[in-house]
Number of protein chains: 2
Amino acid sequence: MIYLQQVKQHNLSVILKDIWKHNQISRIELVESTGLTSGTLTNLTHELIEAKVIREYQSVSGTGSVGRKRVLLAFDPHFYRIIGLDIGRTSYELVLTDLTGTKLQSKNGNIDAALGPEGFMAIIGPQLELLKSEVLADGKKILGLGVGIPGPIDYARGSLIHPPNFEGWDGYPLQQVLESRYGIPTIIEDDARTSALAEGWYGFGRNGMNLVSITMGIGIGGGVISGGGIVRGANGLYGQVGHMTIEPNGIRCECGNKGCWETVGSIPGILRRWGGSDMDAFMRDVRDNKADACACIEATLQYLETALVNIFNMYDPEVIILGGRLYPYLNPYLALIQDRMRNRIYAFAKERVLLRPSTFGSSQSAMGGTAAVFEALISRPVEILGYVK
Amino acid sequence: MIYLQQVKQHNLSVILKDIWKHNQISRIELVESTGLTSGTLTNLTHELIEAKVIREYQSVSGTGSVGRKRVLLAFDPHFYRIIGLDIGRTSYELVLTDLTGTKLQSKNGNIDAALGPEGFMAIIGPQLELLKSEVLADGKKILGLGVGIPGPIDYARGSLIHPPNFEGWDGYPLQQVLESRYGIPTIIEDDARTSALAEGWYGFGRNGMNLVSITMGIGIGGGVISGGGIVRGANGLYGQVGHMTIEPNGIRCECGNKGCWETVGSIPGILRRWGGSDMDAFMRDVRDNKADACACIEATLQYLETALVNIFNMYDPEVIILGGRLYPYLNPYLALIQDRMRNRIYAFAKERVLLRPSTFGSSQSAMGGTAAVFEALISRPVEILGYVK
């Protein structure tokens, strides 16, 4: 990209970020907040309106003859559509959103982990085709497809690298397959990281908060948003909080470490320690005060507490988000765990860190797929929209 | 700052970063790497030369009549000086460098922790005055003073927040005192973070590597450099790796947590577990194969190994740097520990992470003080040089 396009992309990105931050904002306020000249701002916002990324609308404050009319700018929900897809080991979810992060459609289902990637494609393919044709028939355009899937991710290849407990997906060229078969620009992302992106763009991060999002289910993953952006690390492994050792003499984990939080704190970890095979049965035993279930839940909460303290001390976030399929079972303990975590961190910072459930519940990762595409748009608008040749 | 100055600062910063990265570079190469027009580049490099931040010099490749002359740009080591100061609990170090990170002078000494900040100022003040007058008498200019000190740091106030085991420093307005008494622009930084900055600018990070720097001594601190910059977190606590729980049933730590790595893996932690008061005596017993000392060093290495695996899984760095007063005792075990760490991380990433000693040994934090000032120059040149009114 030549320099003038770089400058333009930078300026467009600044404008889009400011509009997003304020939800709606006037051109005069934008001139102030961006530092751009009003001429440049007028030209660039005109382009964004033409491109149907943002729209103008009139706001009237006050009433009758004293009412003051202002023209405000906001993201345009009418033209672009984003598809989010969460691929789990035993389930999937497909969502369609507009540019404001509003969910327009969603569909989910269970899958047999043994199907492998081509089996999964056979299920999801027709649904993607249908969704795409509906959007096009409606006169709209699909900006992109964002996929959340268990990592680690090979970002360069758009594939997975030895994902634990996920047969057949190692090296499968997922991004390339989706792009070539369905003709939609596709982003592949670790599902813990899509969950963090959903929170970062549409949830707690909207006002710029530093956050760590933890996804607890079959595994335990983490996504870190710091200084306004997601952090990926040297090998795409940043934020693998599920693989910190929490039980020094614990069992070997598939990652190579031992006593990982995931080995004791995930759904399989809890059930293994309890000696059963069903979370609902386990929670019934907890409610019935059965001694072994009570001991197991208490140990689970202690592991969680220690993990949260470590996460606080290592990432210093303003909010830690808990989500994933395990979370609903832990929800009743949220306030208790926040207290216990706060009692183990620096006194001066105690009240400054929040523990919160994920904003989109079970749709967190699929919504995060759309957030990944939205992040690409807002960070690299020229490239993504392709309207500057 | 108005928009044009922002653009200028951005462009100057891009130029300085590219010169730094390449060590020396021609204007033609800079036009290519920065994307700036050659007119803009000529003007801005002219300003930087006038300001004595960079200099031109002639390079001749080949010999005789076929020798090719090129004008290269590099940082100018002749005019600006930077002072780095490390304030430890029981020792201090003062260094003077030029703009290329070359150490020109250093001085260190022991201090009595009971002196408190004013007692410390009484010792360091005359030395700062002397250094300043020497630099000025020599016709040079001091760009700034960077201080590494045990945290946590209150960046807004330039002071410390309840630093553990550091009597009298809580809330002491260190930055303000140094600036008003000695008239030198001052940056205050956590000493684990200055150590990371030294590595980031002058050591392993010079080629853009993601790194975690661990400082082990009376306490254990960490500094994280990710995506080219140091990360500070919401409360200045990012990278407090010494306060991850490594011993679930361990003792209470001053930070509020229990079983922190620092409680078992720092110098006091090791000596407490061994039951002695002197590291040299401890290592003699290790060399003499005394059973309790051998058990204690093996446990120390196991704690270190677990901590390193956690650090890898949470920060995904390319290199982990070990330094601080404890490090020389651990140096003989470095290769062993790197192997043990690598055997507990994702197989595909195993060979991609290095464990290395800090580049500047005991001067790491003081050198990092100068690196903090250099980072400010290179990131905010207009502001730091103040030559654009």
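Okay, let's start inside chain B. If you skip its neighbours within four places in sequence, I214(B) is in contact with I220(B), G221(B), V241(B), W261(B), L308(B), I311(B), I320(B), I321(B), L322(B) and G323(B); contact here means heavy atoms within 4.5 Å.

Quick housekeeping. This is a predicted model, where local features need pLDDT of at least 70 and side-chain atom pairs count only at pLDDT 80 or more, while totals for chains, interfaces and linings use all residues. Residues are numbered from 1 along each chain as its sequence is written, chains are lettered from A and ligands numbered from 1 in the order in which they are written, and side-chain values use heavy atoms, with hydrogens and water left out.

Back to I214(B). Which residues touch the most other members of the largest nonpolar core? That core has 108 residues, and the ones in question are I214(A), W261(A), F282(A), I214(B), W261(B) and F282(B). By nonpolar core I mean a set of buried Ala, Val, Leu, Ile, Met, Phe, Trp, Tyr and Cys residues joined through side-chain atoms within 4.5 Å. And for burial: buried is under 20% relative accessible area, exposed is over 50%, and partly exposed is in between, using a 1.4 Å probe and protein chains only.

Next, the interface. The contact takes 50 residues from chain B and 51 residues from chain A. About 4200 Å² is buried between the two chains, and carbon and sulfur atoms give 55% of that. Buried area is the accessible area, again with a 1.4 Å probe, that two parts lose on being put together, summed over both. Y3(B), M314(B) and Y346(B) supply 19% of what chain B buries against chain A, more than any other three residues.

How many salt bridges are there between chain B and chain A? The count is 0. What the rule does find across the interface is 31 residue pairs in polar contact, both residues at pLDDT 80 or more. A polar contact is a pair of N or O atoms within 3.5 Å; within protein, one must be able to donate a hydrogen and the other to accept it, and residues adjacent in sequence count only if both atoms are side-chain atoms.

On the side of chain B that touches chain A, the elements giving two or more residues are α1 (3-22), β12 (220-226) and α10 (291-315) of chain B. Helices (H or I, at least four residues) and strands (E, at least two) are DSSP runs, numbered from the N terminus. The largest share of that side, 8 residues, comes from α10(B). By residue type, the side divides into 24 nonpolar, 19 polar and 7 charged. The classes: Ala, Val, Leu, Ile, Met, Phe, Trp, Tyr, Cys and Pro are nonpolar, Asp, Glu, Lys and Arg are charged, and the others, Gly among them, are polar.

So where are the salt bridges? Over all chains, the structure holds 26. Take R181(A) and E118(A), with the closest N and O atoms 2.9 Å apart. That pair links distant parts of the chain, 63 residues apart: R181(A) sits in helix α5 (residues 174-182) of chain A and E118(A) in helix α4 (residues 116-137) of chain A. R181(A) counts as partly exposed because its relative accessibility is 39%, and E118(A), at 42%, is partly exposed too.

Then there's E189(B) with R232(B), closest N and O atoms 2.7 Å apart. Here 43 residues separate the partners, with E189(B) in strand β10 (residues 186-190) of chain B and R232(B) in the loop between β13 (229-230) and α7 (261-265) of chain B. Buried or partly exposed, E189(B)? At 1% relative accessibility, E189(B) counts as buried, whereas R232(B), at 28%, is partly exposed.

G151(A) and P152(A) are joined by a cis peptide bond, omega about -5 degrees, and P152(A) is in the loop between β7 (141-149) and β8 (153-154) of chain A. In chain B, a cis peptide bond joins G151(B) and P152(B), with omega about 0 degrees.

D316(A) has a positive phi, near 45 degrees, and is not a glycine. D316(A) lies in the loop between α10 (291-315) and β14 (319-323) of chain A, and is buried, with a relative accessible area of 0%. H162(B), also not a glycine, has a positive phi of about 40 degrees.

Key. A salt bridge is a side-chain nitrogen of Lys or Arg within 4 Å of a carboxyl oxygen of Asp or Glu.
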